[in-house]
Amino acid sequence: MANFYKDTPQLAYHLRHPLMKRIVELKERNYQEAKEFDYAPQNFDDAIDSYEAVLDIVGDLCGNQLAPNAQDIDKIGPTLKEGRAFYDPLTAKNLEAVTQAGLTGIALPRQYGGLNFPITPYIMAADMISRSDASFENLWGLQSCATILYEYGNDDQRQRFLPRVCQGETMSMDLTEPDAGSDLQSVMLKATYNKEEDAWYLDGVKRFITNGDSQIHLVLARTEEGTKDARGLSMFVFDAKNNPGLSVRRIENKMGIKGVPTCELVFTHAKAELCGQRRFGLIKYVMALMNDARLGIMSQAVGISEAAYREAYNYAIERKQFGKTIDNFPAVYDMLAIMRAKTDATRVHLYETSRYVDVYRALDEVARHRKLTPEEREEQKHYSRLADAFTPLGKGISTEYANQNVYDCVQIHGGSGYMKDYPCERLYRDARITNIYEGTTQLQVVAAIRYATSGLYFDVVREYRKREVKSELNPLKEKMAILLEKAEAISKKLHDSENQDLLDFHARKLIEAVAHTVFSHLLLLAANEAPEHYLQSCKVYLRYALAEMAKIEAFVNLVGESELEDYRNTQTFPTVE
């Protein structure tokens, strides 16, 4: 029987990273809950054993139910009937299975029926689920909305809604509108306060809402009359299970991710509850929600990359041409090696990021119960900043790599890859949304660029370089110094130009240079501890990174301030009179 946890030993390696001890210590608050809950861990080893047991269950479900159902779900998908969206029967069966396994409250506190897992093992589950069926990850992964409700809702809301999520009820984040996509400050869905009832009512339209017919919605709405910017927006909880006023106007006919409905919603005097404070909807709550969502999309991209590599490899070792299997041809094994290296590179970065998030979020939780020490506040600030820097870098690059990997997967399959008989055709369509939703690659570059020009990424890499590696890895480490030197030089050149247009133009190239530098060093550290899993990818990725860095450096040197006009003036077709 297939098990996606057991056949991916890289996951167990990351679960036992040294920083996990600090994460678990903070998350379990010195294991105090073992006295109250019989399934709470009593020490670090007990906690890791618990995580592994649950991840083994996830791996089994992914290999033996979710993945086998994915092709049929893709063909049928959800349906719309009388203003309601209904899952494909196999999707409903998958949701029932993960609910019965206790996986729908995996990251929520035990007092609400959750497992109180840190972010890292939760993201590992998302990684495996994405490999099996990326569309189901969009349904299961939305339980992260409950984390926002836990952090910013009131005690009554936590008591009423969080146990329902742990029992399998689904959530959605209703943010975008027909005229407000990336520019969420333009949201105009109206929230009106009824003083006599002490209640809020929602009216308006939301579009492109993943799992839009969920039972519990987080809705961004405008509460302040006369405002047109972020300061007039607040966050609401809408209980669709117990309140009227919401209908599904349509289910979008999508290219991929077909297993979960993406809906256009109409709110008509729908009674809702304010979540948190007025006017903080976008500037605080949505930002936190989006950071969680972007980490989830990073895991989705890594899972898709893993699936694409395995589909390509398994096909290549079976497909014969000219008397031998195609994996023996350099043109093919070159592609396979790069696919494996990109998958491993994005995975090491994913879990480095999740650990950063874990530390500062665990300290946030500690602060709910007691005052942090000065040392803890400094630790919280440090890891929060690292998480803020690593999340857009990872979301931007891992999703681009996922698209490149599925492209190569189809190419290795040849004409067969273009047919719906093979999963790679579905993977190709599913991957395409990852570098669009929850912030396009272009927006991730905007979020990441300040950490490049300020030098934070390079400071982190220098810290990586202080760690000793085995003597046989030192030649690789020496070559990686070239990446750091060139990436810093590119950053300095653009920063010193004092030309914002030039910096913006080359920003993506600079972020790609940063990614090659960071990813290579993370692979080196992983190869030092687990060479059987990461050494080959470390070598392959380093050569790829050096070659790509040379291209980036050449392009930045070729296009200066005076050449920008060639790119601005793209209307070059002659006028026909």
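The following dialogue shows how selected features of this predicted model may be read.

Reader: How are helices and strands assigned, and how is burial defined?

Author: Helices (H or I, at least four residues) and strands (E, at least two) are DSSP runs, numbered from the N terminus. Buried means under 20% relative accessible area, exposed means over 50%, and partly exposed lies in between (1.4 Å probe, protein chains only).

Reader: How many residues of strand β6 are buried?

Author: In strand β6 (residues 216-222), 7 of the 7 residues are buried, so the strand is largely enclosed by the rest of the structure. In a regular strand the side chains alternate between the two faces of the sheet. In β6 both faces are covered: I216, L218, L220 and R222 are buried on one side, and H217, V219 and A221 on the other.

Reader: Which strands pair with β6, and in which sense, parallel or antiparallel?

Author: Two strands pair if DSSP finds at least two bridges between them. Strand β3 (residues 171-174) runs parallel to β6 and is joined to it by 4 bridges; here S172 has H217 as its bridge partner. With strand β7 (residues 233-239), β6 pairs in the antiparallel sense over 7 bridges, and R222 stands opposite L233.

Reader: Where does α3 bend?

Author: A bend at a residue is the angle between axes fitted to the seven residues ending there and the seven starting there. In α3 the bend is about 45 degrees, at A70. At the start of α3, a side-chain oxygen of N43 comes to within 3.3 Å of the backbone nitrogen of D45. Just after α3, G77 has a positive phi of about 75 degrees.

Reader: Which residues of α15 are buried, and what covers them?

Author: The buried residues are L476, K477, M480, L483, L484, A487, I490, S491 and L494. Contact means heavy atoms within 4.5 Å. The elements covering these residues include α13 (441-453), α14 (456-465), α16 (500-529) and α17 (531-558).

Reader: Which residues touch the most other members of the largest nonpolar core?

Author: A nonpolar core is a set of buried Ala, Val, Leu, Ile, Met, Phe, Trp, Tyr and Cys residues joined through side-chain atoms within 4.5 Å. The largest such core has 137 residues, and I106, W140, I412, Y457 and Y541 touch the most other members. Helix α10 (residues 330-367) supplies the largest share of this core, 17 residues. Apart from it lies another core, of 33 residues, among them L142, C145, I216 and L282. Leaving aside neighbours within four places in sequence, Y541 is in contact with residues including A341, A345, Y401 and F519.

Reader: Is R340 buried or exposed, and what does it contact?

Author: R340 lies in helix α10 and is buried, with a relative accessible area of 14%. Beyond its neighbours within four places in sequence, R340 is in contact with Q10, E306, Y309, R347 and S537.

Reader: Where are E438 and E498 placed, and is each buried or exposed?

Author: E438 is in the loop between α12 (423-431) and α13, and is buried, with a relative accessible area of 18%. E498 lies in the loop between α15 and α16 and counts as exposed, at 74% relative accessibility. Phi is positive in a residue other than glycine in each case: near 55 degrees for E438 and near 55 degrees for E498.

Terms used: Residues are numbered from 1 along each chain as its sequence is written. This is a predicted model: local features need pLDDT of at least 70, side-chain atom pairs count only at pLDDT 80 or more; totals for chains, interfaces and linings use all residues. Side-chain values use heavy atoms; hydrogens and water are left out. A polar contact is a pair of N or O atoms within 3.5 Å; within protein, one must be able to donate a hydrogen and the other to accept it, and residues adjacent in sequence count only if both atoms are side-chain atoms.
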